[in-house]
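Have a look at the sequence and the fold before reading on.

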Amino acid sequence: MDTFSKRNSQEVISQVPIIPTMDVVVFPHMIVPLLVVDERIIKGINSSLEESKLVLLLASKKQSTDPQDSIGTKDLFSIGTLASIMRIVKIPDGGIKILVQGICKARAAEIMADDEILSAKVEKLEMKSGNEDEITAHVKNIKELTEKMISNGQSFSPDFHIILSKMQDPEKIADFIVSHLNLTVEQSQDLLEKETKSELISGIYNLLSKELEISQVQEKIRNNARDSMNKSQKEFYLREQLKAIKKELGEDDSEEIDVLREKLNLLQVNDEIFAEINKQINRLERTAPDSMEATVIRNYLDLVLGLPWGRETKDNLDIQHAKKVLDQNHYGMNDIKDRILDFISIRKLKEDGHTPILCFIGPPGTGKTSLGKSIAESLGRAHFRISLGGVKDEAEIRGHRRTYVGAMPGRIIQGIRKSGTCNPVIIIDELDKIGSDFRGDPSAAMLEVLDPHQNKTFYDNYLGLHFDLSKVIFIATANSLDSISEPLRDRMEVIQLSGYTQEEKLIIAKKHILKKAIDEAGLENKVINIEDDILKEIIASYTRESGVRELERLVRKMCSKLARHFVENNQIPKFNKNNVDKYLGPKRFINDFINKENQIGICNGLAWTSYGGEMIKIEAVLMPGKGRLLLTGQLGDVMKESARAALSYAKSHAKEFGIPYKLFTEHDLHIHVPAGAVPKDGPSAGITMLSSILSVLTDRPINSDYAMTGELNLQGDVMPIGGVKEKILAAKRNGVNHVILPKKNKNDVIGIEDILKDIDVIWVDSANEVINCVLLPNKTMRKTVNQK
C-alpha cells in the first residue's frame with residue numbers, strides 16, 4: 001500500500017538498518033536466526049549494535065535459495081517487523097549469523113540506499129483490536145481446530161497444545177500459531193499486513209481450516225495406501241519366496257524383461273513395429289508375473305521376437321546345380337523345371353526381381369509336393385508345407401485375435417517362424433480342397449497371401465503387425481482347377497502336370513522307386529536283379545493310375561517279400577512274369593473293361609478326371625417302344641444333353657445314313673455307361689454316343705481298335721475338349737492304338753510329341769469323319785426287333 005492512514009500511536013524512527021529476508025516472514029515475538037553475507041547489510045548491523053540494536057526485517061518478493069543473489073529495494077515488501085539483535089556470530093567466509101527477535105510490526109516509510117548501508121525511516125504499526133466477540137469465537141475455534149489436527153496426526157511441537165491452552169492474548173496466539181505453520185511468503189505477508197486483530201485471527205482460522213482439510217485428505221490417502229501396501233507387502237513377500245524357490249529350481253525369470261529388450265534391439269524392424277513391441281514389453285513389466293494377462297503377453301512376445309524380421313537366406317544362383325538337383329529328384333516335368341531356371345536367371349541379373357507364385361495342377365501321385373521341396377533345395381532356401389485340405393476357418397490363414405482364449409497365429413506366420421527366414425519356399429498343398437462355413441472363407445483370405453502387391457503388408461490378426469511376404473516363393477498344388485475361385489486362380493501362374501506314360505513310369509521305377517524300396521527293406525548290400533519286364537508287368541497289370549504312388553507301394557511290397565524270403569531261406573528269389581502273382585497277388589487289371597471285339601452299339605470313349613485319364617464304354621441298344629431315350633449309368637446333366645444332341649443329329653440325318661424314320665417312333669433307345677456307381681459328366685462323350693446310336697440304328701458294328709473323345713453340336717461339328725494328354729495316356733495304358741481327337745485340339749500336343757509314339761491320332765472336324773472311321777459294313781441282316 002502506498003498510502004497509510006495516520007495512527008494515533010504512530011511512532012517514527014529516523015533510520016534503522018534493513019535486513020532483507022528470503023523465504024521467510026518474521027512476525028512479532030518470533031525469534032529467528034539469519035545468515036548475512038552482504039557487506040552493506042553487515043555494516044548496517046554493526047552500526048545498529050553501536051546504537052539501538054534495532055533492525056527492520058523486510059521479506060523479499062523475489063525468492064532465491066542463494067544468499068549471495070542481489071535484491072533491489074523494489075523487490076522488498078514495505079511492511080515488515082522491527083526486531084532487536086540478540087546475538088551475533090562471525091563465520092569464516094566473511095559473513096555473520098545473527099539471532100533476532102521480532103518486536104512489533106513496522107512500515108518502511110522511506111528506504112535509503114547508499115554504498116555504505118541500506119536503511120529506512122520506520123513507522124511502528126499498532127494493530128487495532130476489532131470486534132472482541134468475533135475474536136473470542138475465532139480463538140476458540142482455532143484451539144478446537146488445532147486439537148483436531150493433532151488427533152489426525154498433524155505434528156506440531158511436543159508442548160504446542162499445552163502452551164496454546166494457557167495463552168489468552170489473541171495477538172500472541174496468532175504469532176505463536178503462525179510460527180508453527182508451513183506457510184508461503186505470500187500467505188505470511190498477507191497475515192502480517194492485516195490491520196486488525198479480528199482480521200488476523202480470521203485469516204489464521206481460514207488457513208488452519210484449509211490445513212485440516214488437506215490433513216484429512218492426506219490421512220485418507222495414507223489409510224488407503226496402507227491397506228494397499230499391506231496387500232502389496234503380502235504379495236511381495238510371497239513373490240520373493242516364489243522367486244527364491246524358482247532360483248533354487250533354476251527357473252529364475254528376474255532377467256526376463258532385460259532379455260526381451262536385448263532381443264528387441266537386435267531386430268531389423270521399422271519404428272512402428274519397434275514401438276509396438278516395446279509397448280508390449282512395458283505392459284509385461286507392469287503386469288503381475290503369475291497373472292493370465294502376463295502369460296498372454298509373454299506368448300505374444302515369444303512369437304513376435306522369434307520371427308525372422310529382415311533375416312533372409314542367400315539364394316544359390318548356380319543354374320547347373322539347380323538342374324542337377326531337379327533332374328536327380330524328378331523325371332520329366334520340363335515346364336516346371338524351365339520356369340525355376342528362368343527365375344534363377346532373372347535373380348542372378350536382378351536381385352530384387354519378381355518372385356513367382358506358382359500353382360501345380362495335376363493328378364495325385366505325380367510329384368507336385370515333392371517338386372516344391374526340390375525347388376527349395378535347388379535354391380538353398382528353407383521350406384515348409386501347409387495342407388489346406390478340409391480347412392474351413394479363416395483364422396487358420398490370418399490367425400485369431402488375441403482377445404480369445406487359446407488364440408494362435410495363422411499357419412503362414414507359424415511356418416515363417418519355424419523356417420527362421422523371411423524368404424522360404426511355402427508349399428500350399430491341396431488348395432482346391434479348401435472348405436468354407438460360418439467361420440469364414442479361407443480361400444478369400446488366401447487372396448491377400450498370394451497377391452504380390454498385397455502380401456508386402458500381410459496382416460495376421462494375432463500378430464497385429466504387418467509382415468512382408470513378398471520375398472516368399474509360394475507353390476500351390478491342386479488336383480483340379482475347377483474348384484479354385486477365379487480371383488484366386490488369377491493371382492497364380494498355373495502349370496499343368498499330366499500323368500506319366502508307361503515308359504516314364506518304368507524310368508521312374510528304375511531310377512528312384514526301386515532303389516529306395518531296396519534300401520528301406522534292408523537289402524542295400526545284396527545283389528537284387530529285377531528286370532524291366534517285371535516292372536512293366538507290374539505297371540500294366542497291377543496299376544491303373546496317372547501317378548506312381550500305387551506303383552511305389554507294389555515295389556515296396558515286392559522288396560519286403562524279398563527280405564522275408566532271404567531271412568527264411570538265406571537266398572534271394574528270382575522274379576519273372578510267371579511268379580509275380582505269387583508275391584503280389586492276382587492281376588488287378590486284365591483290360592476286360594474296354595471293348596476288344598467289334599460289336600454293335602458298344603464304343604470306346606475317353607474321359608478325364610482329377611485323377612487322370614480313363615477309358616469308358618458306352619453301350620446303346622434298340623428295343624420296341626414309343627421313341628423314348630433312356631439314359632443310365634449315373635450321368636450328369638451335361639452328359640445327358642450330349643446324348644440328346646447326338647440323337648437329334650442322328651434323326652436329322654436319318655436319310656443320309658439310310659435309317660427308316662419309324663425306328664425313332666416305334667422303338668426306344670437305351671444308352672448306358674458302365675460303372676454305374678461312379679458319377680459321370682461332361683460334354684466330351686458327344687461323338688462317342690453318336691457312334692453307339694448310329695451303330696444300333698444302322699446295325700453296323702464299331703471298330704474296337706478306336707477310342708474317341710469330342711463334343712458334338714447339332715451341325716455335326718466336333719468341338720474341342722480338355723485333358724488331351726491324359727486321355728491319350730489312358731488309351732495307351734489300355735492298349736488302344738487309334739485315338740480320334742478334335743482337330744481344334746491339335747495345338748495341345750505340341751511339346752508332348754513323345755507320348756504319341758506307338759499310337760495313331762486321327763484329327764477330325766465333323767461327325768461324318770468319325771463315322772467313316774469307326775462304323776464297319778453290315779455283316780448280317782438286321783434282326784427283327786418286333787419278335788417277342
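Predicted model: local features only at pLDDT ≥ 70, side-chain atom pairs only at ≥ 80, totals over all residues.

Leaving aside its neighbours within four places in sequence, which residues is Ile204 in contact with?

Once you skip the neighbours within four places in sequence, Ile204 is in contact with Ile142, Ala174, Ile177, Val178 and Leu191. Ile204 belongs to the largest nonpolar core, a set of 59 residues. Together with Ile19, Leu56 and Ile177, Ile204 touches the most other members of that core. Apart from it lies another core, this one of 53 residues, including Leu463, Val472, Leu488 and Met492.

As a bit of background, nonpolar side chains in soluble globular proteins tend to be buried together.

Ala476 sits in strand E12, which covers residues 473-478. Is Ala476 buried or exposed? Its relative accessibility is 2%, and the cut-off for buried is under 20%, so Ala476 counts as buried. Setting aside neighbours within four places in sequence, you'll find Ala476 in contact with Leu358, Cys359, Phe360, Ile428, Leu431 and Met492.

For a sense of distance, take Lys172: it is 304 residues from Ala476 in sequence, and their C-alpha atoms are 97 Å apart in space.

## A buried glutamine

Gln280 is found in helix H8, residues 271-286. With a relative accessibility of 4%, Gln280 also counts as buried. Its contacts, again leaving out neighbours within four places in sequence, are Ile297, Tyr300, Leu301 and Arg402.

## The E5 and E6 pair

Strand E5 takes in residues 96-113 and pairs with E6 in the antiparallel sense, over eight bridges. To pick out one spot, Met112 has Ser119 of E6 as its bridge partner. Strand E6 itself runs over residues 118-125 and is mostly covered, with six of its eight residues buried.

## The chain as a whole

Zooming out, the chain has 26 helices and 22 strands. Its radius of gyration is 53 Å, whereas the globule rule gives 28 Å for 788 residues, so the chain is more spread out than a compact globule. The C-alpha trace spans about 165 × 70 × 50 Å along its principal axes.

Even so, 46% of the 788 residues are buried. Among contacts with a separation of 6 or more, 74% come from residues 24 or more positions apart. The accessible surface comes to about 41,500 Å², and carbon and sulfur atoms account for 48% of that.

Methods. Residues numbered from 1 in each chain as written. Heavy atoms only, no water. Core = buried A, V, L, I, M, F, W, Y, C linked by side-chain atoms within 4.5 Å. Buried < 20%, exposed > 50% of the residue type's maximum accessible area, 1.4 Å probe, protein only. Contact = heavy atoms within 4.5 Å. Helix = DSSP H or I, 4+ residues; strand = E, 2+ residues; numbered from the N terminus. Pairing = 2+ DSSP bridges. Rg over C-alpha atoms; globule rule 2.2 N^0.38 Å. Areas by Shrake-Rupley, 256 points an atom, 1.4 Å probe, with all protein chains shown as cover.
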